[in-house]
Amino acid sequence: MRIESRPVPSSLPALGDVPPLLTRLYAARGVSSAAELDKRLQALLPFELFKGMPEAVAVLIEALEKRQSILVVGDFDCDGATASSVAVLALRALGAAEVDYLVPNRFEYGYGLTPEIVEVALTRSPQVLVTVDNGISSIEGVAAAKAAGLKVVVTDHHLPAEQLPAADAIVNPSQPGCEFPSKAVAGVGVIFYVMLALRAALRENGWFTEQRPEPNLGELLDLVALGTVADVVPLDANNRIFVHQGLARIRAGRCRPGIRALLEVAARPAQRLVSTDLGFIVGPRLNAAGRLDDMSLGIECLLTDNEDLARDIARELDSLNRDRKTIERDMQQQALATLAAMTLEEKDLPFGLCLFDAEWHQGVIGILASRLKDKYHRPVIAFAEAGNGDMKGSARSVPGLHIRDALDAVAAHQPGLISKFGGHAMAAGLSLPAAHFEAFQTAFDAEVRRQLSAEDLTGRLLSDGELVQSEFNLELAGQLREAGPWGQHFPEPGFHGEFRLIQQRLVGERHLKMVLQLPGSADLLDAIAFNVDPKVWPNPTVQRVLLAYTLDINEFRGRQTLQLMVKHLQAL
């Protein structure tokens, strides 16, 4: 791992009264005007810019006016769960007569609106189907729904193929011809925009009355924030508004009982919540339902208004998440053993790494691929058996390789090799016959080699530079915390430097607590590094270390102290 300084524009933008250090940090993250830092809801991009929005609103208005049955078809990840919840809660609040949801079980039906899921949907006797976080590639599923006489509204954010489904309306910022400026909006953000547009149209139509008051859709922003962060979409200016507003509601205690309960089981105070907590604390517990069981459990946790029921479900989700961690750890050990048996040095590994084990769990291969990608600094696809002679793979990529486009290139060069695929720049999923696995391994590695060099596979960590002694203080740590929200493509400020290692001890099994000292200073600093190798640390022979870290505020028994959260630890 090498530490590199994050590039900063030679000319810094004028951001008003923003302090110089924050101005430099914002500029390094692409902020060019003060308007990009406006976190008010009024600064959200307008829903009118979405292609297909009028058609979607027209279908939904007819459904409300005619008291038609609406079925929301979701996805089995956190974005899909929050999107499903937003759709159901908003439609009910807007006066829909009958709204229900259906989320495919990952292990029985796979992803998206398939013809098989349409058959299941028809048993609920809906008149309108609304997809959330899926549907843009559901050519056959939409056709089956239309053949059954249903109206279909597709809301999605994934990249489309050349052919679009023949839905009554498609709202997706990534579809051809859509002028919505942010292509980073998550599935939950898309359906939230649809609900905003629907409310505006209903308001113009005189729909709301004293008996049917206009709802405050801002009450759903905690869900929008959670799904946006958990889906690891880029936090552009628009998404930062969603996340900031949602976090503000959660911190103020004005969030869904399910989110509050998930924070309680994780022992995380809502008042101190930051955006990364949504991705590392709340999201995984919600995702555990879709990975190991049925995401309906997670959606019910978000939908319920009953505090006691929310706590019961949250405890069940927490238990599933612990099971997920155990399965993931075992799978990772198997994967590392497989690589070790190949007797390859890291430099000799394939550029595009594909691994398969018949015992691996379908619901956890995505996390496994992510862990191996982080360890080996290259695109990774982990495969599990899918039954009927097929395999399912979950892919994670590194900067410089658009993984969905790479799979598209493999499919174009070798038609029939891959059964189906879809995804984003950094994550994707695919299916292929097990008999094609070795051929796919070779083809994928060749495509990655075509796009990346050996230097691209060298792990690098971007730093915002070194802090001087006077900057190690609670005030700066607090400023940085509130200057976010930080996340994908808008990373939390991180710094690096050399320190004297005064004390070191393991906490739990793999966390290293340290006391540090800056060279030339008598001041001591607390630091913690998570998931260190217990065979390497603590090391009493090491007296100096190079660290990459972020500033954090540790609160214990009402007392706040500065703490460095160590991202990279290297003995000197």
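Reply: Happy to! Gln517 has Leu524 of β15 as its bridge partner. Their strands, β14 (residues 511-517) and β15 (residues 524-529), are antiparallel and share six bridges; two strands count as paired if DSSP finds at least two bridges between them. Strands here are DSSP runs of E with at least two residues, helices are runs of H or I with at least four, and both are numbered from the N terminus.

A word on the ground rules: this is a predicted model, so local features need pLDDT of at least 70 and side-chain atom pairs pLDDT 80 or more, while totals for chains, interfaces and linings use all residues. Residues are numbered from 1 along each chain as its sequence is written, and side-chain values use heavy atoms, leaving out hydrogens and water.

Now step back to the whole sheet. β14 and β15 belong to a closed barrel of five strands, in the order β13-β14-β15-β17-β16, and its pairing is mixed. Ignoring direction, neighbouring strands are turned against each other by 45 degrees on average. Helix α16 (residues 474-482) packs on this sheet, where it touches β13 (495-507), β16 and β17 (559-571). The direction of α16 makes about 80 degrees with that of β16 (axes are lines fitted to C-alpha atoms, for helices over the stretch in contact, with angles from 0 to 180 degrees between N-to-C directions).

Which residue takes us into β16? Ala548 lies in this strand, which spans residues 544-556. Ala548 counts as buried because its relative accessibility is 1%, buried being under 20%, exposed over 50% and partly exposed in between, with a 1.4 Å probe and protein chains only. Phe495 is 53 residues away from Ala548 along the chain, yet their C-alpha atoms are separated by 5.6 Å. Setting aside neighbours within four places in sequence, Ala548 is in contact (heavy atoms within 4.5 Å) with Ile3, Leu461, Phe495, His496, Met565, Val566, Lys567 and His568.

Gly423 has Ala428 in β11 as its bridge partner.

Parallel pairing turns up around β4 (residues 128-132). Four bridges link β4 with β2 (residues 69-73), the two running parallel, and Ile70 is the bridge partner of Val128. With β5 (residues 151-155), β4 forms five bridges, again in the parallel sense; there, Val132 stands opposite Thr155. In a regular strand, side chains alternate between the two faces of the sheet. In β4, Val128, Val130 and Val132 point one way and Leu129 and Thr131 the other, and all are buried.

Next, a pair of helices. Arg285, in α10 (residues 275-292), counts as buried because its relative accessibility is 12%. The side chain of Arg285 reaches the backbone oxygen of Ile281 at 2.9 Å. Beyond four places in sequence, the contacts of Arg285 include Asp318 and Asn321. Asn321 lies in α12 (residues 307-341) and, at 2% relative accessibility, is buried too. Asn321 touches Pro284, Arg285 and Ala288, again not counting residues up to four places away. A polar contact of 2.8 Å joins the side chains of Asn321 and Arg324 (an N or O pair within 3.5 Å; within protein, one atom must be able to donate a hydrogen and the other to accept it, and sequence-adjacent residues count only if both atoms are side-chain atoms).

Finally, the rings. There are 16 aromatic pairs in the structure. Trp486 and Phe490 form a stacked one, 5.1 Å centre to centre with 15 degrees between the planes (rings of Phe, Tyr and Trp, the latter by its six-membered ring, pair if centres lie within 6.5 Å; planes under 30 degrees apart are stacked, over 60 edge-to-face, the rest tilted). Both Trp486 and Phe490 are buried. The charged end of Arg240 sits over the ring of Phe490, 3.8 Å from its centre (NZ of Lys or CZ of Arg within 6 Å of the ring centre and within 35 degrees of the ring normal).
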